[in-house]
Amino acid sequence: MKSLAKDFFANAWRSWNRFWFESNRPESMALFRALFGSLLFVYILTRTPDVPYFYSEGGTLPLAQMRELLDMGARQSVFFWLSSDAALWVGHALLLMSLASLAVGFYPRVSALVAYVLHVSFVHRNMTAAYGIDSISVFFLLNLILVSARTNSFWGSIAFRLCQLQVCVIYFYSGLEKLKGTHWWYGDAIWRVLANHQLAVADFSWLAPFPLLIVLSTWGTLLWEVYFPVLVWLPAWRRWMLLAGVGLHVGISLTMNIPFFGFLMMFAYAVFLTDREAGAIRSFLQQMCKKILKRAPAQPMS
């Protein structure tokens, strides 16, 4: 009996170590880092015209007013001390540079650290301007600080598992929150979103004669989110869960004005791919980029 118990705990300990410290997938993490860095670069770039509006002293939320309205707790930002417009523009430029560096894998740990500090600083400078992608990106940037460019890495294995678990937590929490809403139980939650002209990108009233389709879509979304954290770990189910997730987020991007969040979650699926699958996708994307650059018209010399 004592021997069985000893073997059980020994196997459990080996499984624990193998799960956290011996499961590095460098190709999967490299693909995710490139996709995530590129997406966040584009997202931050789109807010360039609004930097003074959201974050400067002359914008929507001066520092003194922010501290009165929001409970900041232990939240900090470099822009609490460097609050000039020049500091904001320098910080914005450095954030874009660090994300570009992260995307191409140039000093990835340093790039992730700089991007993390500056991204969190902008989020804390005006939390009313933050979206879901801002909050979720914080976790992924923190994880990527651990990932080096080396093939095998103790810390890379930890970051890999943390990214996987983060995706599972996001979906599971989202599913549990939906279970609290009666409209998800009734099956009309998706219809209420599509009928909201502030969220929908077009008029979807033509779906009104198809209530069964709406109900099935609503319940299907709910079931997929709740069970994703379990089924994605099963090899027989993983591919189908990821494909369903791609379909879900593509549908959301085509019908609602929140495209960046959907792309972020789909790009995060890279951490569930094998190194072989991730390497093939990465090679394909690199070839596509090379072809696009070759076809780009050369600038005439003056």
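Guide: Contact means heavy atoms within 4.5 Å. The model is predicted: local features need pLDDT of at least 70, side-chain atom pairs count only at pLDDT 80 or more, and totals for chains, interfaces and linings use all residues. Residues are numbered from 1 along each chain as its sequence is written, and side-chain values use heavy atoms, with hydrogens and water left out.

Visitor: Let me try contact on one residue. Which residues is Asn143 in contact with, leaving aside its neighbours within four places in sequence?

Guide: Ala159, Leu162 and Cys163, once neighbours within four places in sequence are set aside. Asn143 itself sits in helix α7, residues 132–144. A helix here is a DSSP run (H or I, at least four residues; strands are E, at least two), numbered from the N terminus.

Visitor: Is Asn143 buried or exposed?

Guide: Buried means under 20% relative accessible area, exposed over 50%, and partly exposed in between (1.4 Å probe, protein chains only). Asn143 has a relative accessible area of 8%, so it is buried. Across the 302 residues of the chain, 39% count as buried.

Visitor: How many helices and strands are in the chain?

Guide: The chain has 14 helices and zero strands. Its pattern along the sequence is α-α-α-α-α-α-α-α-α-α-α-α-α-α. Its C-alpha atoms fill a box of roughly 70 × 55 × 55 Å along the principal axes. Take contacts between residues at least 6 apart in sequence: 75% of them join residues at least 24 apart.

Visitor: Now helix packing. At what angle do the axes of α2 and α5 cross?

Guide: Axes are lines fitted to C-alpha atoms, for helices over the stretch in contact, and angles run from 0 to 180 degrees between N-to-C directions. Helix α2 (residues 26–46) and helix α5 (residues 85–104) cross at roughly 155°, and their axes come within 7 Å. Angles under 35 degrees count as roughly parallel, over 145 as roughly antiparallel, 65 to 115 as roughly perpendicular and the rest as oblique. The two helices are therefore roughly antiparallel to each other. The α2 side of the contact includes Phe36, Leu40, Phe41 and Ile44, and the α5 side includes His92, Leu95, Leu96 and Leu99.

Visitor: What about the hand of the crossing of α2 and α5?

Guide: A crossing is left-handed if the near helix is turned anticlockwise from the far one by less than a right angle, and right-handed if clockwise. α2 passes α5 left-handed.

Visitor: At what angle do α2 and α13 pack?

Guide: At about 170°, with the axes of α2 and helix α13 (residues 259–268) 9 Å apart. So α2 and α13 are roughly antiparallel. Their crossing is left-handed. Phe32, Leu35, Phe36, Leu39, Val42, Tyr43 and Thr46 of α2 meet Phe260, Phe263, Leu264, Phe267 and Ala268 of α13.

Visitor: Are α11 and α12 roughly antiparallel or oblique?

Guide: Helix α12 covers residues 235–255, and packs with α11 at an angle of about 140° with the axes 11 Å apart. The pair is therefore oblique. This crossing is left-handed. Contacts on the α11 side include Trp224, Tyr227 and Phe228; on the α12 side they include Trp237, Met241 and Leu248.

Visitor: How many aromatic pairs does a search of the whole structure find?

Guide: Rings of Phe, Tyr and Trp (its six-membered ring) pair if their centres lie within 6.5 Å; planes under 30 degrees apart count as stacked, over 60 as edge-to-face and the rest as tilted. The search finds 22 aromatic pairs. In one of them, Tyr171 and Trp224 have ring centres 4.7 Å apart and planes at 75°, so this pair is edge-to-face. Tyr171 is in helix α8 (residues 154–179) and Trp224 in helix α11 (residues 211–231), so the pair ties together parts that are 53 residues apart in sequence. Both Tyr171 and Trp224 are buried.

Visitor: Which ring does Arg47 lie over?

Guide: A charge sits over a ring if NZ of Lys or CZ of Arg is within 6 Å of the ring centre and within 35 degrees of the ring normal. Arg47 lies over the face of Phe122, 5.0 Å from the ring centre. Arg67 lies over the face of Phe80, at 5.2 Å.

Visitor: Now loops. Is Tyr107 buried or exposed?

Guide: Tyr107 is exposed, at 56% relative accessible area. It lies in the loop between α5 and α6 (108–125).
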